[in-house]
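Biologist: I have not worked with this protein before. Could you take me through its structure?

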Amino acid sequence: MTYEENKEKLLTFPEGWKDFFDGIKESESFLSVVEKVSKEACEETVYPPLEDVYRAFSLTPEKEVKVVIIGQDPYFNPNQANGLAFSVGKGVTLPPSLVNIYKELSYEYHYPIPKKNGDLTPWAKQGVLLLNASLTVRQGEANSHSRYGWDKITDMAIEYLDKKDRPIVYLLWGNYAFKKASLIHSKKAKIIHTAHPSPLSASKGFFCSDCFIRCNDYLLSRQMDPIDFRISDE
């Protein structure tokens, strides 16, 4: 793809977040990120594919957001990143953190643990915004775009939601995600902080946290439909 084609993809915004992107699309911080990623994608492999960079926003329009799960950056190996935090395409080997997420769901809800379906699209379609702080990454290099400025954009998205002053559950897994709590001020927000589901930390406060049950209990207390977190291999 050419620079112009890359840039066009990054300047094509989800309709369900039109007001948000209209408010930032001419800002220096946003245009700087677009410039850097558009140029790099001409010479390097960038994940996810640029047409999927805003997929989390596309699948979960702003007015439908009930839950926010924050990841750090996309998976950096081939065929993994699909634009949703912690998610991979069906049939792709499940990353360790996602395996542990499924284990916790099995503990809480006694769901069967999927073996070959890591696609969290069904969550997104129910109102779970699966948002990575950085929306792109260079192949093979974790956090390689963390200094490009994506975090400023995604922080603004969190602040934008917070100002709507609606009941929203923020599942903040790990210390990096918990730093985003400083952006959340609405009294209707529910922050659930646990350890990260990665193998290094899941046993230190993610497992047995009941974070998904607590999330749904809060939604129900606000007369909102709970999230069906079940993912099937079918």
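Predicted model: local features only at pLDDT ≥ 70, side-chain atom pairs only at ≥ 80, totals over all residues.

Biologist: Let us begin with the largest pocket. What is its volume?

Modeller: The volume of the largest pocket is about 500 Å³. Its lining consists of 27 residues, and those closest to the centre are Gln72, Asp73, Phe86, Ser97 and His196.

Biologist: Which element gives the largest share of that lining?

Modeller: Helix H8 does, with four residues. H8 spans 174-178, and strand E2, which spans 67-71, likewise supplies at least two residues of the lining.

Biologist: And how does the pocket lining divide by class?

Modeller: The lining of the largest pocket has 13 nonpolar residues, 13 polar residues and one charged residue.

Biologist: Now the cavities. How many of 30 Å³ or more are there?

Modeller: There are two cavities of 30 Å³ or more in the structure. The largest cavity has a volume of about 60 Å³. Its lining is made of 13 residues, of which Val53, Ala56, Gly83, Asn132 and Leu135 are the closest to the centre.

Biologist: Which elements give two or more residues to that lining?

Modeller: Helix H4 and strand E3, the latter covering 128-132, each give two or more. By class, the lining of the largest cavity comprises nine nonpolar residues, three polar residues and one charged residue.

Biologist: What about the second largest cavity; which residues line it?

Modeller: The second largest cavity holds about 40 Å³ of space. It is lined by Tyr102, Leu105, Ser106, Tyr111, Pro112, Pro114, Phe229, Arg230 and Ile231. Seven residues of this lining are nonpolar, one is polar and one is charged.

Biologist: Let us turn to the helices. How is a packed pair described?

Modeller: A pair of packed helices is described by two quantities, the angle between the axes and the distance between them.

Biologist: At what angle do H1 and H3 pack?

Modeller: Helix H1, residues 3-10, packs against helix H3, residues 28-43, at an angle of about 135 degrees, and their axes are 8 Å apart. H1 and H3 are therefore oblique to each other. Their crossing is right-handed.

Biologist: Which residues make the contact of H1 with H3?

Modeller: From H1, the contact involves Tyr3, Asn6, Lys7 and Leu10, and from H3 it involves Phe30, Val34, Glu35, Val37, Ser38, Lys39, Ala41 and Cys42. Seven of the contact residues are nonpolar, two are polar and three are charged.

Biologist: And H3 with H7: is that crossing left-handed or right-handed?

Modeller: The crossing of H3 and H7 is left-handed. These two helices pack at an angle of about 135 degrees with their axes 9 Å apart, which makes H3 oblique to H7.

Biologist: One more pair, please. How far apart are the axes of H5 and H9?

Modeller: The axes of helix H5, residues 96-109, and helix H9, residues 211-221, are 8 Å apart, and the angle between them is about 65 degrees. In H5, the residues Ile101, Glu104, Leu105, Glu108 and Tyr109 meet Cys211, Phe212, Ile213 and Asn216 of H9. By class, the contact of H5 with H9 contains six nonpolar residues, one polar residue and two charged residues.

Biologist: Now the backbone. Which residues does a cis peptide bond join?

Modeller: A cis peptide bond joins Tyr47 and Pro48, with omega at about -10 degrees. Pro48 is situated in the loop between strand E1, 46-47, and helix H4, 55-59.

Biologist: And Asp165: what is its phi, and where does the residue lie?

Modeller: Phi of Asp165 is near 55 degrees, which is a positive value in a residue other than glycine. Asp165 lies in the loop between helix H7, 150-163, and strand E5, 168-173.

How values were computed: Residues numbered from 1 in each chain as written. Heavy atoms only, no water. 1 Å grid on protein atoms, 1.4 Å probe; cavity = no way out; pocket = protein on both sides within 12 Å on 5 of 7 lines; lining within 4 Å. Points joined across faces, edges and corners; volume = space filled by probe spheres on them. Nonpolar A, V, L, I, M, F, W, Y, C, P; charged D, E, K, R; others polar. Axes fitted to C-alpha atoms, helices over the stretch in contact; angles between N-to-C directions. Parallel < 35°, antiparallel > 145°, perpendicular 65-115°, else oblique. Left-handed = near helix turned anticlockwise from the far one by under 90°. Contact = heavy atoms within 4.5 Å.
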